[in-house]
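Please open the model in a viewer and keep the selection tool at hand.

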Amino acid sequence: MGTETSDIIDILAGIEPGSSLDGIRARRLQARENAQKSYIALFEPVDFADVAAAERYAVAAFVAGVHDEPAAAGFYFARLAKAADRLDWVDALKAEIERARTQGPYGAFPAGPLSVEDKAGLIYRTAGDGQRVLGARLAAALEHAHLLIFRPRDAAPAAMQALLDAGWSTTAIVTLSQLVAFLSFQVRAVAGLRTLGASLGHHADAAAQAS
């Protein structure tokens with residue numbers, strides 16, 4: 001797949017060149033460039049190695065979906081469609097996103113003073129149909145991504161073993177964790193920029209009305 005030339009966060013947040021938001025992002029050029037480099041490294045590497053392009057885009061669509069970021073989810077679903085002819089994956093992922101949506105973070109701390117902050121919540125597992133369509137390897141990745149997003153307190157060696165049992169190598173697990181961390185950052189950045197853009201537009205409209 002070809003390397004993207006446009007900034008992905010700009011695309012997802014709807015930032016136009018020369019706009020106020022474009023100027024705001026330009027003030028932190030290094031952060032902007034690093035975010036784009038991270039995207040390219042994770043989604044358009046020279047060598048996909050142990051994690052196929054389709055798996056990366058499938059996990060990305062799922063993570064964006066459970067964060068309730070439809071623009072980002074749609075972007076990654078489109079990339080998934082280009083990476084693999086698996087429309088059945090798209091349908092299955094959309095169903096899993098609906099099942100996996102929740103509020104977090106939650107989970108249990110080790111026994112001690114912090115235990116008063118323990119909070120119960122959804123322990124997500126892919127449905128039987130999802131397992132059948134997506135396969136054990138991708139299903140395990142979705143469950144692990146959900147754990148990292150909503151139940152980081154519950155991360156334990158058993159979670160890693162579940163991935164190993166599903167066919168993920170230790171190197172691939174590192175890549176998967178990097179994907180989830182980057183996507184969680186990306187969708188929050190996009191949501192924040194979109195909110196800021198709406199605020200700037202509101203202030204501009206108010207100023208125009210007052211003039």
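Where does alanine 49 lie? Select it: alanine 49 is in the loop between helix 3 and helix 4, helices (H or I, at least four residues) being DSSP runs numbered from the N terminus. The model is a predicted one, in which local features need pLDDT of at least 70 and side-chain atom pairs count only at pLDDT 80 or more, while totals for chains, interfaces and linings use all residues. Residues are numbered from 1 along each chain as its sequence is written, and side-chain values use heavy atoms, with hydrogens and water left out.

Most residues other than glycine have a negative phi. Alanine 49, although not a glycine, has a positive phi of about 55°. Its relative accessibility is 58%, so alanine 49 counts as exposed; the scale sets buried at under 20% relative accessible area, exposed at over 50% and partly exposed in between, with a 1.4 Å probe and protein chains only.

Next, select aspartate 68, in the loop between helix 4 and helix 5. Aspartate 68 has a positive phi near 60° and is likewise a residue other than glycine. With 51% relative accessibility, aspartate 68 counts as exposed.

**Helix 3 against helix 4**

Two packed helices are described by the angle between their axes and the distance between the axes. Display residues 29-43 (helix 3) and residues 53-66 (helix 4): their axes come within 10 Å and cross at roughly 130°. Here the axes are lines fitted to C-alpha atoms over the stretch in contact, and angles run from 0 to 180 degrees between N-to-C directions. Helix 3 is therefore oblique to helix 4, given that angles under 35 degrees count as roughly parallel, over 145 as roughly antiparallel, 65 to 115 as roughly perpendicular and the rest as oblique.

Which residues make the contact? On helix 3 they are Tyr39, Ala41, Leu42 and Phe43, and on helix 4 they are Arg56, Tyr57 and Ala60, contact meaning heavy atoms within 4.5 Å. By class, this contact has six nonpolar, no polar and one charged residues; Ala, Val, Leu, Ile, Met, Phe, Trp, Tyr, Cys and Pro count as nonpolar, Asp, Glu, Lys and Arg as charged, and the others, Gly among them, as polar.

**The nonpolar core and its rings**

Now turn to the largest nonpolar core, which has 59 residues. Such a core is a set of buried Ala, Val, Leu, Ile, Met, Phe, Trp, Tyr and Cys residues joined through side-chain atoms within 4.5 Å. Phe43, Phe62, Tyr76 and Leu80 touch the most other members. Helix 1 (8-13), helix 3, helix 4, helix 5 (70-83), helix 6 (87-100), helix 7 (128-150) and helix 9 (170-210) each supply at least two residues of this core.

Centre the view on tyrosine 76, which is buried with a relative accessible area of 0%. Beyond residues up to four places away in sequence, tyrosine 76 touches Tyr39, Phe43, Tyr57, Ala60, Ala61, Phe182, Leu183 and Gln186.

How many aromatic pairs are there? The count comes to nine, where rings of Phe, Tyr and Trp (its six-membered ring) pair if their centres lie within 6.5 Å, and planes under 30 degrees apart count as stacked, over 60 as edge-to-face and the rest as tilted. Phenylalanine 43 and tyrosine 76 form a tilted pair, 5.2 Å centre to centre with 35° between the planes. Phenylalanine 43 is in helix 3 and tyrosine 76 in helix 5, so the pair ties together parts 33 residues apart in sequence.

Phenylalanine 182 lies in helix 9 and phenylalanine 43 in helix 3, so the pair ties together parts that are 139 residues apart in sequence. Both phenylalanine 43 and phenylalanine 182 are buried. To see the cluster linked by ring pairs, select Tyr39, Phe43, Tyr57, Phe75, Tyr76, Phe182 and Phe185.

**Along helix 7**

The last stop is histidine 146, in helix 7. Is histidine 146 buried or exposed? Its relative accessibility is 0%, so histidine 146 counts as buried. Leaving aside neighbours within four places in sequence, histidine 146 is in contact with Phe62, Ala100, Thr102, Tyr106, Leu122, Tyr124 and Arg151.
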